Amino acid sequence: MVVRYSRISLIVLVALVLALTTNDWSTPTGVRAIEQDYTLSASKDNTLYESATGSLSNGAGNYFFVGRTGQLSNSIRRGVIAFDVAGAVPAGSTILSATLTLQMTRTPLDIPRTVELRRLLSDWGEGTTNDRGGEGSGAPSTPGSATWIHTFFSGSTWSNVGGDSSVTLSASQSVASNGSYSWSSTQMASDVQDWLDNPSNNFGWLLLGDETVIRTAKRFNSRENGIAPPVLSLKASEPPDTDLDGCADVQEAGASASAGGQRDPNYFWDFFDVWTGAPAARDTIVSISDIGAVVARFGAFREPPPTKQEALAEALTPPAAAPAYHTAFDRGGPIPGQNLWNLLPPDGSINFGDIDAMVAQFGHSCA
Ligand SMILES: [Ca+2]
Ligand SMILES: [Ca+2]
Ligand SMILES: [Ca+2]
Ligand SMILES: [Ca+2]
C-alpha cells in the first residue's frame, strides 16, 4: 500500500514538474463568443432651441426636435440624446451592431428631410424644463439644462453654440411623414464600443435636421413619452473567455480575486467552479454546492493521472454520476509561490487537497 502510494506520488510529481516546465497545461481550447441582444432606453434627452442667451430648454418634455420651425428667427432645433451603455453591456463585450429607433410624431411638411447623428464631444444636462402643448417653442431653462449655448445652464457653455459634435457623421436617415425611423451604421457601432470601453467619453449623439430652409422640423417622442420612446438596440458578443474556465479574460485580468481577478486568462485550472445541479452546469460561482460535489467524489482517483488533453477535454464535459473520478473536480494544489487559490492541474486524485483548494476559492464569482 505504502509502495503503491509512493509510486502514485512519484507519477504525480513527475506530471507536475512536466506541467510546470512545459506550461503545456495552459493551452486554450477555444474562445467563447456568444451573441447577446440589448435594448436600452435613453438615459437623457433634450432639445437645443436656437437662442443667443440659452433661455430655452425642454429636458423633461415629451418630445425633442430637429430641423427648423416656421419662425422668422431662432428657428433651429437640435436634439441631444444619450444611453448608459456601460451600465447595460458587460465590460469587454464587442459591439456588433447598433440601431437607434425614434418615433416621429409631428412635422409641418411631410417632405423627406435628412436627419444626421453625430457624436457629442461635451457632457450636457437634461434639466427639469417641461414645455407644454406642442413643445416646439421650448420653455425657460432650469439649472443644469442643455441649451443652445449651455452644456449645463447657466454656468457651463459649449465651445460652439448649438452643441459640440464630431465632424464624423455617425449615421443619417431620411425622415418624411409621421412614423418610426431607425438609424444604424458601423460608425454607430464604433461609437457605442468606445462608450462601453471608455464611459467617460459617452455624451451621446447630436441629432441634426435640415437647417437650410424653414419648416423642416421633425418632432420625436422623448424618453419621458409613454408611447414609443427612443430605443437603442445593440447586438454584442460576450467578452471572450479564452481558457473556457467561466471567467472572462477581462475578469481574470482584474484586481479582485473574489471577482475572478488575479488569474491567468489562458489557464483553465485557476477557477475551481465544478459541475453541479441537474442538468449539470458550471454556474461561475464557487459555492457550497461545489464543495459538496467534490466531497461526493472524495477518494476517486485515476492512475496514471490524466494527460493535459484528457484533463481539459474531460473537465469541459458534463460528468457521470458521483463517485466516479472526473477531472473537473480535481486540482493539484496551490501553485508554489502564488496565492493559495492559484491551482495546479489535476493530479489524478480527489482528496483533502482539493477541498482545501476549493475552500481557498470559496465565494469567488465570475457571474
Ligand atoms: Ca477565462
Ligand atoms: Ca483562467
Ligand atoms: Ca459553482
Ligand atoms: Ca487533487
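## Basis of the model

This is a predicted model, in which local features need pLDDT of at least 70 and side-chain atom pairs count only at pLDDT 80 or more, while totals for chains, interfaces and linings use all residues. Residues are numbered from 1 along each chain as its sequence is written, and chains are lettered from A and ligands numbered from 1 in the order in which they are written.

Helices (H or I, at least four residues) and strands (E, at least two) are DSSP runs numbered from the N terminus. The domain assignment, from an automatic or database source, gives domain 1 (10–32 + 240–361) and domain 2 (40–237), with 50 Å between their centres, taken over C-alpha atoms.

## Helix α2 and its cover

In α2, the residues M188, A189, D191, V192, W195 and L196 are buried, a residue being buried if 20 or more other C-beta atoms lie within 10 Å of its own, exposed if 12 or fewer, and partly exposed in between, with C-beta atoms placed from the backbone. Seen down the axis of α2, its buried residues fall within an arc of 155°, so they line one face of the helix; the arc is that of the directions from the helix axis to the C-beta atoms. The cover over these buried residues includes β6, β7 (113–120), β11 (165–175), β12 (179–184) and β15 (231–237).

## Strand pairing around β6 and β14

Two strands pair if DSSP finds at least two bridges between them. Strand β6 (residues 94–106) runs antiparallel to β14, with two bridges, and here M104 is the bridge partner of F220 and R106 that of R219. Seven bridges join β6 to β15, again antiparallel, with T99 partnered by S233, and six join β6 to β12, also antiparallel, with T101 partnered by S182.

Strand β4 (residues 63–68) is joined to β14 by four bridges in an antiparallel arrangement, and Y63 stands opposite N221. From β14 (residues 218–221), K218 and F220 point one way and R219 and N221 the other, and all are buried.

## The surroundings of T39

T39 lies in strand β1 (residues 35–41) and counts as exposed because it has 10 C-beta neighbours inside 10 Å. Leaving aside neighbours within four places in sequence, T39 is in contact (C-beta atoms, placed from the backbone, within 7 Å) with V231 and S233. The C-alpha atoms of T39 and L232 are separated by 5.8 Å, although these residues are 193 residues apart along the chain.

Terms used: Contact = placed C-beta atoms within 7 Å.
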